[in-house]
Amino acid sequence: MRTEIIINVGSNESRIAILEEGKLVELFVERPEEERMVGMIYKGMVTSVLPGMQAAFVDIGIAKRGFLPLSDLAVSEGAWSPFLGEHEVKEIERKGRRKPVGKMLKPGDIILVQVTKEPMGRKGPKLTTQLAIPGRFTVLLPGEDHLGVSRKITNWKERKRLKELVAPFKPEGMGVIVRTEGEGKGEGEFKSDIERLLKAWKKITKRAGKGKAPALLYRDVGITSSVVRDLFSSEVERMVVDSKREYRRILSYLRSVSPQLRPKVEYYKGEEPIFDFYGIEKEIEKVFERKIWLKRGSYIVIDHTEALVTVDVNSGRYVGRENLEETALRTNLEAAREIARQIRLRDIGGIIVIDFIDVEGKRNREKVYQELKGAFKRDRANVSILPMNDFGLIELTRGRTKPSLLYTFSEACPLCNGIGRVLSPVTMMAKIERWLERAKGGLREKRLKLLLHPMVADYLLESRGQRLKKLCKESKRKLQVEADPSLPVDGYKFLLAKEGIDVTEEFMP
């Protein structure tokens, strides 16, 4: 499959697009004020331990405390920093089982933790004590004593060769994982890669011994460098970058780790913005759309909720030429491919439920299921997909380490607070009537000023103010209506006409 990496570097935002067969499938965004936290290593202080949740909260020096689940608490002796104190780690290792978190940690403990998931909404970052420092060809695991090979390297002879080749360079008491990019590489590449990672680990331990908690000990490379390190391989046809400075940095990095890839890096000199030239900008604009049209005239609708993301498949204008079952199958197969692309592109994680068009035959349901599984094969996130059930639903989960692009590029609507709906003017009229009803016995002043959102004010004043006249007559008050753009659509204020005193709250339910 033809894969390209297109890099756009700006002063306020840098973007990296991954194209497969000319189609945008992944987008990475980096902004100076929104630093990526995943991969950072901190010297943190345990602030509270929750036995009921089998987790702990850790202060790492940011506004929100990090969340450390028991499942992400390393049990091997080497994984614990020397700042932990005595915690019976050897006994836990010997018994081969975890003790309750309350017996392993206590408030005030100082530990080394790494961020595995970005803060999202009201939640702080997710942490682990199972540290991992990634390199170009290997990953160093300071708290493990294991030598492994990436699962994506499937040839058993190559796996055996890599283990034998890397074994002499594995630091004593530490673990090493050979990355996919290490396939086919020789002794020199692995030796220099592991040496670089060991230097990084020595710096981390040196800083940990000097500074007080909380403190940042290790910062992973920026998004551009991480994409070059993790994704730029022989399978990529080319990498195009529009920044001369970044172009030189990439070439400099590749000179020492993968010189054979340097000819694939191109500097974009065109006058047209690079994302416009490759048609990427138009695709990014569609990321915010709920409805995505497919080639045959069918479409899918993507909705985000608090707990999950739902995807609905609709036949739309597509009527097909065969029978109903065949039409539904064709629509579902086309939709499955696009759904997988949209989920990767939007970086949607968590629980996802897809409502396909009903197909009767078990064989056709299996075809849709296999098509969806195949479409996710190139997704680097962990995806688990269940077969289609009798209701035509497919449920899947996708690993999430950061907010989806929808939340990266946008924020909750100040008018609807993110629900996508606002109260209608008719409903607002009813709310105002009920306020006036409650004010009858407690408010003597007859002249009031009513502030409303312009849309609601226009509704009340249209038809020569007939609605307003009726409202004044029924409430036995003189109302002066004014439009206030600062108010939400479902907001209103009542002021005393003379003094201008706000009396809204006095008669709220």
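1. Strand 2 and strand 3 (residues 23-30) run antiparallel and are joined by seven bridges; strands here are DSSP runs of E of at least two residues, and helices are runs of H or I of at least four, numbered from the N terminus. Two strands count as paired if DSSP finds at least two bridges between them. I16 has F28 of strand 3 as its bridge partner. Two residues lie between the strands of this hairpin, where E21 takes a positive phi near 55 degrees.

2. The model is predicted: local features need pLDDT of at least 70 and side-chain atom pairs pLDDT 80 or more, while totals for chains, interfaces and linings use all residues. Residues are numbered from 1 along each chain as its sequence is written, and side-chain values use heavy atoms, without hydrogens and water.

3. Strand 1 (residues 3-9) also pairs with strand 2, antiparallel over seven bridges. A hairpin of four residues links strand 1 to strand 2, and E4 stands opposite L19.

4. Seven of the seven residues of strand 2 (residues 14-20) are buried, so the strand is largely enclosed by the rest of the structure. Buried means under 20% relative accessible area, exposed over 50%, and partly exposed in between (1.4 Å probe, protein chains only). S14, I16, I18 and E20 cover one side, with R15, A17 and L19 on the other.

5. Elsewhere, four strands make an open, mixed sheet in the order 9-10-12-11. Its edge strands are strand 9 (133-134) and strand 11 (147-149), each pairing on one side only. Strand 10 (residues 138-141) and strand 12 (residues 175-178) pair antiparallel over four bridges, with V176 as the bridge partner of L140.

6. M455 lies in helix 13 (residues 454-475). At 39% relative accessibility, M455 counts as partly exposed.
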